[in-house]
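Please find below a colleague's note on the model under review.

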Amino acid sequence: MEKPSPPLRKRPVVDRRAWWLSASSATEAQTRFFEGTGADLELADTLVENAVGWMPIPLGVASGLLVNGINYEVPLATEEPSVIAAVSYAASVAARTGGFTAGAAAPIMRAQVFLEHPGAEAAARLEASRTALEAEARTHLASMERRGGGLRGLSLAHLTDLDVLVVRLDVDVRDAMGANLLNTLAEAMTPSLEKALGGKKLLAILSNDASLRPAWAEVKLSVDPERARRIALASAVAQADPQRAVTHNKGIMNGITALALATGNDTRALEAAVHSFAASSGTYRGLSRWTVEGEFLKGRLEIPLALATVGGSVGIHPTARMALQLLGSPDSPTLCSVAAALGLAQNFAALNALTGEGIQKGHMALHQRRTGATA
Ligand code: NAD
């Protein structure tokens with residue numbers, strides 16, 4: 001295809017939409033559908049560059065997820081059939097024994113400044129300048145400090161083989177993802193860090209590693225003892241076999257990523273952090289563990305989650321705002337707790353199906369409904 005001329009970035013959004021319809025050879029039916037979803041062209045134009053319209057993903061609700069004694073109706077944006085049905089089923093099983101308990105650590109994210117060829121004795125130089133550097137960081141974080149968040153740590157690591165120093169600034173970002181704040185902080189601190197520690201900036205940016213802010217969920221289920229034994233064994237298999245672990249964890253993320261998308265969160269950051277955590281032992285492993293304890297099947301999931309309830313497109317996309325309102329306008333740790341419970345619910349549903357009749361029966365019924373719709 002020829003490059004659009006004039007370039008898309010130089011055209012108003014309505015022109016770009018017209019170009020899209022013509023360049024993609026849209027049929028009449030496709031045009032009608034696309035224009036029906038394109039009412040908010042101006043908003044699309046605010047959110048991304050070269051916007052031509054919207055790519056709607058079905059939005060559904062997983063019903064009856066009981067977390068810390070509170071019932072949640074959970075909005076999920078996903079194109080995959082069976083995800084919402086699976087969570088709703090697992091939620092109903094869990095509700096019989098009190099539902100999920102869940103929690104999340106303080107929302108601490110890390111910015112990194114990488115300095116090439118640092119001066120000698122960087123650790124000692126940091127200690128000599130620590131008070132001044134921390135005070136400067138706090139001035140850049142004033143609004144977050146006022147919210148009860150702000151600077152939580154300043155530390156170093158040395159990549160000795162590369163002779164690159166990593167300066168790590170840990171910040172409690174409250175209800176935001178904190179990407180822009182941390183990037184701004186890292187860049188603003190760079191001249192003072194270069195001066196204090198020696199070396200020259202290579203790059204300065206937040207880390208999407210979210211291991212400083214784990215969320216967790218637990219559940220105790222009353223299920224058939226033989227099924228419980230098989231689910232526990234299947235979860236042990238996901239610890240021992242990395243290829244199975246990938247699919248095990250994909251199932252856990254089916255619900256969590258759909259919740260992230262429905263609430264306007266950054267799904268790429270979320271997934272990168274979770275899969276890095278799954279490999280943190282040096283081998284990629286399943287994120288959840290199921291064990292048989294007496295008459296119960298007990299499940300636990302612990303994962304780093306950096307889900308925001310303010311900022312980015314969370315604050316701009318009207319559907320994301322509605323999704324958060326449906327959840328009772330939670331703060332970030334509450335949203336992360338619900339997400340962890342959701343992941344564990346999804347995981348139980350998958351393991352229950354896999355160790356029973358398999359997943360294809362349910363999948364194929366939904367698949368047939370779908371192909372019927374497009375026939
Ligand atoms: P943001 O820039 O919108 O900042 C959050 C805003 O919310 C701040 O202005 C803050 O003052 C305000 N705020 C109001 N109430 C708050 C509360 N209770 N807690 C915390 N802040 C509160 O958003 P962000 O979180 O800095 O950045 C998120 C965006 O950055 C996402 O769209 C993400 O995709 C994008 N991004 C990501 C990366 C990355 O992941 N590597 C890099 C660059 C940008």
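1. Basis. This is a predicted model, in which local features need pLDDT of at least 70 and side-chain atom pairs count only at pLDDT 80 or more, while totals for chains, interfaces and linings use all residues. Residues are numbered from 1 along each chain as its sequence is written, and side-chain values use heavy atoms, with hydrogens and water left out.

2. Domains. The protein is divided into domain 1 (61-105 + 213-371) and domain 2 (108-207), with bounds that come from an automatic or database domain assignment. Taken over C-alpha atoms, the centres of domain 1 and domain 2 are 34 Å apart. Their contact (heavy atoms within 4.5 Å) takes 10 residues from domain 1 and 7 residues from domain 2.

3. Domain interface. Between them, domain 1 and domain 2 bury about 640 Å², 61% of it on carbon and sulfur atoms; buried area is the accessible area (1.4 Å probe) that two parts lose on being put together, summed over both. Of the area that domain 1 buries against domain 2, 53% is supplied by Arg 213, Ala 306 and Val 310, more than any other three residues.

4. Salt bridges. A salt bridge is a side-chain nitrogen of Lys or Arg within 4 Å of a carboxyl oxygen of Asp or Glu. The whole structure contains 14 salt bridges, but the count between domain 1 and domain 2 is 0. Because they are 3 residues apart in helix α5 (residues 122-140), Arg 130 and Glu 127 are separated by about one helical turn. Helices here are DSSP runs (H or I, at least four residues), numbered from the N terminus.

5. Helix pair. Helix α8 (residues 225-240) packs against helix α9 (residues 242-262) at an angle of about 115°, with the axes 6 Å apart. Axes are lines fitted to C-alpha atoms over the stretch in contact, and angles run from 0 to 180 degrees between N-to-C directions. Ser 235, Val 237, Ala 238 and Ala 240 of α8 make the contact with Pro 242, Arg 244, Ala 245 and His 248 of α9.

6. Asn 183. This residue lies in helix α7 (residues 179-197). Leaving aside residues up to four places away in sequence, Asn 183 touches Ile 205 and Leu 206. Asn 183 and Ala 157 are 26 residues apart in sequence and 19 Å apart in space, C-alpha to C-alpha.

Technical notes
Helices (H or I, at least four residues) and strands (E, at least two) are DSSP runs, numbered from the N terminus.
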